[in-house]
Amino acid sequence: MSSTIPYLPSLGSLLAYGTRSLAEAVAPRPPSAAPVSANFTSISVTLNNGAGLDIDNVSQLISPYAKTGPRTSLRGIEIINSPTATTQGLSSSGQNPVWLENQGLIENKKGTGVKLAGNQADEVVNAGLIKGSNGIALDMSGGDDLLIVRGSGGFDGAVDGGSGTNQVLLDSAKGGTFDGASQMQHLWVGSGTWTLTGPVPANQKGEVYADATLINKSRIGGEMHIRPGGTYAGGTIGSLNVAGTLLPDRS
């Protein structure tokens, strides 16, 4: 399996790649004002209550005129789960790529917390809590996916990147804890002090950037590069290239 992104990108280029849709999400989009023949490049939905959400059903509801007029084209769905929201599970069959920012609680008491099926390039930014009742918090399925974890972001259950070439970015000035993930080919630590408490066995090539620290208390596959200004304290790792600071093993 080969990477589809440049090896060892700068942090700036990585963040630009990962938050491209975030900049688009800020622009207001009143779908009710759009003409019947419009092509939606993206749809934004903010959740503030406890209902569950089937993303593909929502996309159909947002384009109500498609049944009687020319078909609309929906190329992306952007969802924000607000800090006060408790959403009872979130799923997509993969008809459209999904960008999800979770600031609150997504909890599925009947299965996977968030399941993004299909082969789309999905992106999840987690600054809240995602919980699954079947042992799986997040399943990103096929496609080249990106998971960004903020300092307060957590998972109750496993995180599975699925097939494709997938990335996880740990990025918060205040740092945090990450319990590992399966099928993530790139592990990036962008800022803050992060403690890895679970394995990232599928990692091929990852990096700890300047002003970031990774304390590995578990196992990382493949290569990790510690850039100047970056810090690493080691557990088990495939190989290590240190241009920054190497601390004694804290595992």
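Colleague: Which residues is Asn-102 in contact with, leaving aside its neighbours within four places in sequence?

Modeller: Asn-102 is in contact with Asn-81, Val-125, Asn-126, Ala-127, Gly-128, Leu-129 and Ile-130. Contact here means heavy atoms within 4.5 Å. This is a predicted model, in which local features need pLDDT of at least 70 and side-chain atom pairs count only at pLDDT 80 or more, while totals for chains, interfaces and linings use all residues. Residues are numbered from 1 along each chain as its sequence is written, and side-chain values use heavy atoms, with hydrogens and water left out.

Colleague: Is Asn-102 buried or exposed?

Modeller: Asn-102 counts as buried because its relative accessibility is 0%. Buried means under 20% relative accessible area, exposed means over 50%, and partly exposed is in between, using a 1.4 Å probe and protein chains only.

Colleague: What does the side chain of Asn-102 reach?

Modeller: The backbone oxygen of Leu-129, at 3.3 Å. Asn-102 itself is in strand 8, residues 98-102. Strands (E, at least two residues) and helices (H or I, at least four) are DSSP runs, numbered from the N terminus.

Colleague: How many helices and strands does the protein have?

Modeller: Three helices and 23 strands. Of the 251 residues, 49% are buried.

Colleague: Moving to the core. Which residues touch the most other members of the largest nonpolar core?

Modeller: Leu-147, Phe-155, Phe-178 and Leu-214, out of 34 residues in that core. Strand 17 gives the largest share of this core, four residues. A nonpolar core is a set of buried Ala, Val, Leu, Ile, Met, Phe, Trp, Tyr and Cys residues joined through side-chain atoms within 4.5 Å.

Colleague: And what does a second, separate core include?

Modeller: That core has seven residues, including Val-125, Ile-148, Leu-169 and Tyr-209.

Colleague: Back to Phe-178. What is Phe-178 in contact with, leaving aside neighbours within four places?

Modeller: Leu-147, Val-149, Phe-155, Val-168, Leu-170, Trp-194, Thr-195, Leu-196, Thr-197 and Gly-198.

Colleague: Where is Thr-177 found?

Modeller: In strand 16, residues 176-178. Thr-177 is partly exposed, with a relative accessible area of 45%. Beyond four places in sequence, Thr-177 is in contact with Gly-153, Trp-194, Thr-195 and Thr-197.

Colleague: What about Ser-172, buried or exposed?

Modeller: Ser-172 counts as buried, at 11% relative accessibility. Its place is in the loop between strand 15 (167-171) and strand 16. A polar atom of the Ser-172 side chain lies 3.3 Å from the backbone nitrogen of Gly-151.

Colleague: How many salt bridges does the structure hold?

Modeller: Four. A salt bridge is a side-chain nitrogen of Lys or Arg within 4 Å of a carboxyl oxygen of Asp or Glu. One of them joins the side chains of Glu-107 and Lys-131, at 3.6 Å from N to O. Glu-107 is in strand 9 (residues 105-108) and Lys-131 in strand 12, so this pair ties together parts that are 24 residues apart in sequence.

Colleague: What does Lys-115 form a salt bridge with?

Modeller: Asp-139, with the closest N and O atoms 2.9 Å apart. That pair links distant parts of the chain, with Lys-115 in strand 10 (residues 114-116) and Asp-139 in strand 12, 24 residues apart. Lys-115 is partly exposed at 34% relative accessibility, whereas Asp-139 is buried at 13%.

Colleague: How far apart are the closest N and O atoms of Glu-207 and Arg-227?

Modeller: 1.9 Å, in a salt bridge. Glu-207 is in strand 18 (residues 205-208), and Arg-227 is in the loop between strand 20 (219-226) and strand 21 (231-233), 20 residues apart. Glu-207 is buried, with a relative accessible area of 0%, whereas Arg-227 is partly exposed at 28%.

Technical notes. A polar contact is a pair of N or O atoms within 3.5 Å; within protein, one must be able to donate a hydrogen and the other to accept it, and residues adjacent in sequence count only if both atoms are side-chain atoms.
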